[in-house]
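Hi there,

Here is the structure I promised to pass on.

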Amino acid sequence: SSLATTFLDLPLANPLMNASGVWCSVASQLEALLESESGAMVTKSCTLDPRNGNPEPRYRVLDGNKPWGSINSMGLPNEGFPYYLRYTERHDYETKPLFISISGLTLDDNLAMVDSLKDAVTPAILEINLSCPNVPGKAQLGYDFDAMDTLLAEVTSGYGQRQLGVKLPPYFDIAHFDEAAAILNRYPSVAFVTCINSIGNALVIDINTESVIIKPKDGFGGLGGDYVLPTALANVNAFYRRCPEKAVIGCGGVKSGHEAFLHILAGATLVQMGTALYEEGPGIFTRVKAELLEIMKQKGYENLADFHGKLKTL
Ligand SMILES: CC(C)(C)CCc1c(C(=O)O)[nH]c(=O)[nH]c1=O
């Protein structure tokens, strides 16, 4: 069996990569991802200027009893767009594809970053984070369909119809899957969607301290890990069914070959890991690769195409 695949006509040794935001904020982390057995890698969503992000504790792993996961309210800490643009210029694309994630604080900031990238000669793949903040008091872009439409219209024309993708927040209503997909399908140059970002504004409470466990936003933060797997699978499959011309990247609740297999069965071409990578480090790619291969062998699948998107219904 083989894990080899292609994405936007680029060859990948395997479908596994990091989720934006995890192990990808500074050069040392990016170099560790390059050295790892991931098939691809993505940078931390960046803003035009560097940001320190929120006060700590801003990330906590939810260990102890089952199920397992994380909560975060990092606040977009990053080195600023020029840092990641420079990294795209020195990345070794023969080793593996690189995605660059942007999350501008304003539409103009997003357009400025897109404008710099459009002339870039590197094959870095742009993933726009639609959980990026909108006008304060309004819902995030991914939940403000008019603003999302406007952003995509401006960005796709600004990017000269070059292929790009979007990182989507989770949706929980069929009408929202329909509406979001209808907008995305109007932009053929949006070649992929990454589902899902963390489930927003969860609240974890510690019974011993009778307190929240992260400092920012009164403890409200994005949820990752086991808790989000069924929602992640639903979003992957919903957009796989609705956007036949686009590729879907699965993200959410992947910590072993088992969940990676489920995401691919649901329609994911590539699979990202966040929480599990944060806790285990880049060695996780070696483990999950072996686990996925073993599952494929047990089931008699030669390659990913043998089961990609082949989820059965009853
Ligand atoms: C939530 C935002 C800060 C607006 C975007 C960056 C981001 C963060 C973050 O930097 O807090 N955490 C996530 O789990 N997903 C994200 O997309």
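A word on naming before anything else: helices and strands here are DSSP runs, with helices of at least four residues and strands of at least two, numbered from the N terminus. Please also keep in mind that this is a predicted model.

The peptide bond from Glu-56 to Pro-57 is cis, with omega near 0°, and Pro-57 sits in the loop between β4 (41-42) and β5. There is another cis bond from Cys-195 to Ile-196, where omega is near 5°. Ile-196 belongs to the loop that runs between β10 (190-195) and β11.

Two residues other than glycine have a positive phi. For Leu-76, phi is near 60°; this residue is in the loop between β6 and α2 (81-90). Leu-76 has 13% relative accessibility, so it counts as buried, the cut-off being under 20%. For Gln-161, phi is also near 60°, and its place is the loop between α4 (145-158) and β9 (164-168).

Next, the strands. In β14 (residues 220-225), 5 of the 6 residues are buried. Strand β6 (residues 69-72) runs antiparallel to β14, and 4 bridges join the two; Ile-71 has Leu-223 as its bridge partner there. β11 is also antiparallel to β14, joined by 3 bridges, and in this pairing Leu-203 partners Phe-220.

At least two lining residues come from each of β5 (59-62), β11 (199-203) and β12 (205-206), and β5 gives the most, with 3. By type, the lining splits into 11 nonpolar, 2 polar and 4 charged residues.

Finally, the packing. The largest nonpolar core has 81 residues, and those touching the most other members are Leu-126, Ile-128, Met-148, Leu-168, Leu-184 and Phe-239. Leaving aside residues up to four places away in sequence, the contacts of Phe-239 include Leu-168, Tyr-171, Phe-177, Leu-184 and Val-248. A second, separate core has 11 residues, among them Leu-12, Met-17, Phe-99 and Phe-192.

How values were computed
Residues numbered from 1 in each chain as written. Predicted model: local features only at pLDDT ≥ 70, side-chain atom pairs only at ≥ 80, totals over all residues. Heavy atoms only, no water. Nonpolar A, V, L, I, M, F, W, Y, C, P; charged D, E, K, R; others polar. Buried < 20%, exposed > 50% of the residue type's maximum accessible area, 1.4 Å probe, protein only. Pairing = 2+ DSSP bridges. Core = buried A, V, L, I, M, F, W, Y, C linked by side-chain atoms within 4.5 Å. Contact = heavy atoms within 4.5 Å.
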